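Good morning, and thank you for joining.

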Amino acid sequence: SVVGLWHFQPNSAEIVATGSELSIFKNRGTSSVSIGVGSASSAFTGRFDSATKKFGTHSFKLGGTVVPYTAVTSDFQMGTGDFTIEGWFYFNSLTSAPIVMDFRPASTNGAYPALYVNSSGSLRYYVNTADRITGANSGVTTGAWHHIAVARTSTSTYLWLNGVQQGSTFSDSTNYNGSNTRLYVGVTGTVLAVLDGYVQEIRITKGVCRYSASFTPSVTRFPDW
């Protein structure tokens, strides 16, 4: 059921240079996260940080125009089924109302999941041109790691911050089968709302809702499969 899993660790088992991009390959589906700007060497330099990390040896530094994204893939077309989208994020600032994860194609709205944090620290779930779930102000803070997740079971979608439900359950009959679905991490497809901070451990699960009641996030990195 895992269709995407990325630890963001700088080791040869998980990274390969392909022309002008780096691909981070710890994934089960058909797509891979690519660092999509500049040469492989310049994109790599300084992006893996050993000081600010949740697990392992490094995290990946977000910000600027070096954008982690996947190819267009049907792996992330969730249809009307269950799913879980989650990851660990560290915010240096919130002034840009940063995107956390965004499945919309560039300059497109519609039946695509998107997660962002407003400048007041409210975690939001955005679908079809509107916020569908709104977390409390000051929920997300700077200078700390946060586990962020959205999960649907049947027609109930939940937004989670560090294992605590945010806002109200969204009555969600959305058919998440928009064309050209792809994942952008910490930025929109048009390189707006850039997240100033770090990411580790993104996992996308198709067909399974992992969280429908309060939980304690894992204290270790996600298992490979």
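Predicted model: local features only at pLDDT ≥ 70, side-chain atom pairs only at ≥ 80, totals over all residues.

I begin with the largest nonpolar core, which has 40 residues. A nonpolar core here is a set of buried Ala, Val, Leu, Ile, Met, Phe, Trp, Tyr and Cys residues joined through side-chain atoms within 4.5 Å. Buried means under 20% relative accessible area, exposed means over 50%, and partly exposed lies in between, with a 1.4 Å probe and protein chains only. The residues with the most contacts inside this core are Trp 6, Phe 89, Phe 91, Tyr 125, Leu 183, Ile 202 and Ile 204. Strand 8 supplies the largest share of the core, with 4 residues. Strands (E, at least two residues) and helices (H or I, at least four) are DSSP runs, numbered from the N terminus.

Residues are numbered from 1 along each chain as its sequence is written, and side-chain values use heavy atoms, with hydrogens and water left out.

Let us take Phe 89 from that list. Leaving aside neighbours within four places in sequence, Phe 89 is in contact (heavy atoms within 4.5 Å) with residues including Val 100, Met 101, Trp 145, Ile 148, Leu 195, Tyr 198 and Ile 202. There is also a second, separate core of 7 residues, with Ala 151, Trp 160, Cys 209 and Tyr 211 among them.

I turn to the charged residues. Side chains of opposite charge can pair when their charged atoms come close. A salt bridge is counted when a side-chain nitrogen of Lys or Arg lies within 4 Å of a carboxyl oxygen of Asp or Glu. By this rule the model has 6 salt bridges.

Which residue does Arg 203 pair with? The partner is Glu 86, with the closest N and O atoms 3.0 Å apart. Arg 203 lies in strand 17 (residues 197-206) and Glu 86 in strand 8 (residues 83-91), so this pair ties together parts that are 117 residues apart in sequence. Glu 86 counts as buried because its relative accessible area is 0%, and Arg 203 is buried at 8%.

Glu 86 also meets Arg 210 in a salt bridge, at 3.8 Å from N to O. Since Arg 210 lies in the segment after strand 17 and Glu 86 in strand 8, the pair ties together parts that are 124 residues apart in sequence. Arg 210 is partly exposed, with a relative accessible area of 34%.

A further salt bridge joins Asp 172 to Arg 152, the closest N and O atoms being 3.5 Å apart. This pair links distant parts of the chain, 20 residues apart: Asp 172 is in the loop between strand 15 (164-171) and strand 16 (184-185), and Arg 152 is in strand 13 (residues 145-153). Asp 172 is buried at 0% relative accessibility, and Arg 152 is likewise buried at 0%.

What of a buried charge with no salt bridge? Asp 49, in strand 5 (residues 48-49), is such a residue; the nearest side chain of opposite charge, Lys 61, is 6.7 Å away. In that count Lys and Arg are positive and Asp and Glu negative, while His and the chain ends are not counted. The side chain of Asp 49 does reach the backbone nitrogen of Ala 51 at 3.0 Å, and one of its polar atoms lies 2.6 Å from the backbone nitrogen of Thr 52. A polar contact is a pair of N or O atoms within 3.5 Å; within protein, one must be able to donate a hydrogen and the other to accept it, and residues adjacent in sequence count only if both atoms are side-chain atoms.

Is Ser 122 buried or exposed? Ser 122 counts as buried, because its relative accessibility is 0%. Its side chain makes a polar contact with the side chain of Arg 124 at 2.7 Å, and a polar atom of that Ser 122 side chain lies 2.5 Å from the backbone oxygen of Gly 135.
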